[in-house]
Structure formats: C-alpha cells, structure tokens
Amino acid sequence: MTALQVIYQPHVVQADGACLTPDIALADLAVALPATPPLPVSIERWTTRVDTSEAAGRTLALPALVLVAASRGDLLVPGVVHADARQLDADPLLALQAGAKVVGRFAVRLLELSGVADRVHLSWEVDHTAVPSARREWPLPKMVARHACLRDALSGWTLPPGFALMFVVECEQMPARSAWHRVALHVPGMDAFQHEYLFSELPVGWSEASP
C-alpha cells in the first residue's frame, strides 16, 4: 500500500431509494485501457471536484467506469481519465500518470445490477448546453467484452480494501477542451448517476509559480 491516501465519500444510492455516504480510504489506483491489463497510477489526482485544469492541447478525456472497493459491496461510479495525448500510444503508463482522475460522487453497488446489467450504459457529453452536444454512449456488455476484470467483478470477484480500478471504455482521440463535461452511469429503474465538471485549458508552460 502506498503512503498517500484519499478519503472518498460517495453517495451510495440503493434500489429502495435509501442513500448512504461512507468514508472510504483509498490508497491504490489502477487504470485499464481496453483489452490491456490494469496499469498502476498515482491516486494523487483523484478528484470529485466540479472543475479541473490541464495543459492546453495535450489532454485526452477518456470516459471510464470506476470500480471502488467498499466493505458492503464494491461500488460502480462514472468517471473520466485525463491522459497525455502525446504519450498514450508510445508509453501508456506515463500518459496516465499526471492527468486528473475525475470521479463522480453518486455510486451504485454492483449487487444492484443483478438482472439489469445488460441494460446499463455509460454516457459522456462535452458542452451539453450546445445544440447539438457531443454525446457518446457505451452499453455495459460492450465494456465487459473489453475488460476481463470488469467481467470478473460482475461475476462476484471483489477488489482488495483501499483499491479503485478505472476501466477506460474507449481510447478514441477525444481531445479535452474548455467546456462543461458530463459523464453518467444509467441503471434501469434508478436516476442517472452523473458527474459534471468544468474543464479548463492552461497555457503551455503555466505553473503555480508563474507571475
């Protein structure tokens, strides 16, 4: 286990409408690109903020399903991995390290997907106020086909305590641009589990020490 930890406080919505907000200590994070084993990354930039910034022209937004270890059953949450577009093909591990790992605050337990998993899907929009907005959708069966670990999780395998795993649904070139982004997990019979955040581009060479 790494020395760095974050406390994740998701709102866990249950089928009966009840909502719990546990404190979950996370120390280990991995990102799985489609059809590849999970890559360990730092949890330092795990965030549930509604705004985030990255270097201009270098960032890809990779929508993801996030699996979070929890004592009463692992959680499924929508998220977005920010990756360095210059390195993703040549050195995926390096490309995934520095960018933000944006995670929603509303979660569902995997147990709640029993019987409806084939109708669950993830959606992602950029600037949803625009007409038309850029919207993409991925059904859960398609995501399971790309990630063996996700298939195992739906079959009862659980994460070790303190661990989170982000399953990138697609590595198509999706440059992040300054706009509102929305990622949502849709489960039949429940309101969408969604997270919106404002992405801002920083000038190349910007740092907190800049005047």
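Student: Which residues line the second largest pocket of this model?

Tutor: A pocket is described by the residues around it. In this predicted model, the lining of the second largest pocket consists of Gly73, Asp74, Leu110, Leu111, Leu113, Ser114, Ala117, Ala153, Leu154, Gly156, Trp157 and Thr158. The space inside the second largest pocket is about 160 Å³.

Student: How many residues of that lining are nonpolar, polar and charged?

Tutor: Seven residues lining the second largest pocket are nonpolar, four are polar and one is charged.

Student: What is the volume of the largest pocket, and which residues lie nearest its centre?

Tutor: The volume of the largest pocket is about 220 Å³. Its lining has 14 residues, and those nearest the centre are Glu54, Thr59, Asp84, Ala98 and Gly99. By class, five residues of this lining are nonpolar, four are polar and five are charged.

Student: Let us turn to helix α1. Is Leu96, in this helix, buried or exposed?

Tutor: One reads this from the relative accessible area, where a value under 20% means buried. Leu96 has 0% relative accessibility and therefore counts as buried. Leaving aside neighbours within four places in sequence, Leu96 is in contact with Val31, Leu33, Leu39, Val41, Leu62, Val81, Ala83, Leu88 and Lys101. Between the C-alpha atoms of Leu96 and Leu60, which are 36 residues apart along the chain, the separation is 10.0 Å.

Student: What does Ala95 touch, not counting residues up to four places away in sequence?

Tutor: Ala95 also belongs to helix α1. With such residues left out, Ala95 touches His82, Ala83, Asp84, Gln87 and Leu88. Its relative accessible area is 2%, so Ala95 is buried. Ala95 and Leu60 are 35 residues apart in sequence, and their C-alpha atoms are 9.7 Å apart in space.

Student: Where in the chain is Ala64 placed, and what surrounds it?

Tutor: Ala64 is in strand β9 (residues 59–68). Not counting residues up to four places away in sequence, Ala64 touches Val77, Pro78, Gly79, Val80, Val81, Leu122, Met166, Phe167, Val168 and Val169.

Student: What is Val187 in contact with, leaving aside its neighbours within four places in sequence?

Tutor: Val187 is in contact with Val108, Leu113, Val116, Val120 and Phe193, once those neighbours are left aside. One of these, Leu113, is also among the residues lining the second largest pocket.

Student: How are residues in loops to be read? Is His147 buried or exposed?

Tutor: His147 is in the loop between α2 (140–146) and α3 (148–154). It has a relative accessible area of 3%, and it is therefore buried. Not counting residues up to four places away in sequence, His147 touches Ala32, Leu33, Pro34, Phe167 and Val168.

Student: Is Ala35 buried or exposed?

Tutor: Ala35 is in the loop between β5 (28–32) and β6 (39–41). Its relative accessibility is 71%, and a value over 50% counts as exposed. Ala35 also has a positive phi, near 60°, in a residue other than glycine.

Student: How many helices and strands does the chain have?

Tutor: The chain has three helices and 17 strands. Of its 211 residues, 45% are buried. Among contacts with a separation of 6 or more, 65% are between residues 24 or more positions apart. The accessible surface of the chain is about 10000 Å², and carbon and sulfur atoms account for 54% of this area.

Terms used:
Residues are numbered from 1 along each chain as its sequence is written. This is a predicted model: local features need pLDDT of at least 70, side-chain atom pairs count only at pLDDT 80 or more; totals for chains, interfaces and linings use all residues. Side-chain values use heavy atoms; hydrogens and water are left out. Contact means heavy atoms within 4.5 Å. Helices (H or I, at least four residues) and strands (E, at least two) are DSSP runs, numbered from the N terminus. Buried means under 20% relative accessible area, exposed over 50%, partly exposed in between (1.4 Å probe, protein chains only). On a 1 Å grid over the protein atoms alone, a cavity is a set of points where a 1.4 Å probe fits but cannot get out, and a pocket is an open set with protein on both sides within 12 Å along at least five of seven lines; lining residues have an atom within 4 Å of a point. Grid points are joined across faces, edges and corners, and a volume is the space filled by probe spheres set on the points. Ala, Val, Leu, Ile, Met, Phe, Trp, Tyr, Cys and Pro count as nonpolar, Asp, Glu, Lys and Arg as charged, and the others, Gly among them, as polar. Accessible areas come from the Shrake-Rupley method with a 1.4 Å probe; for residues, only the protein chains shown count as cover.
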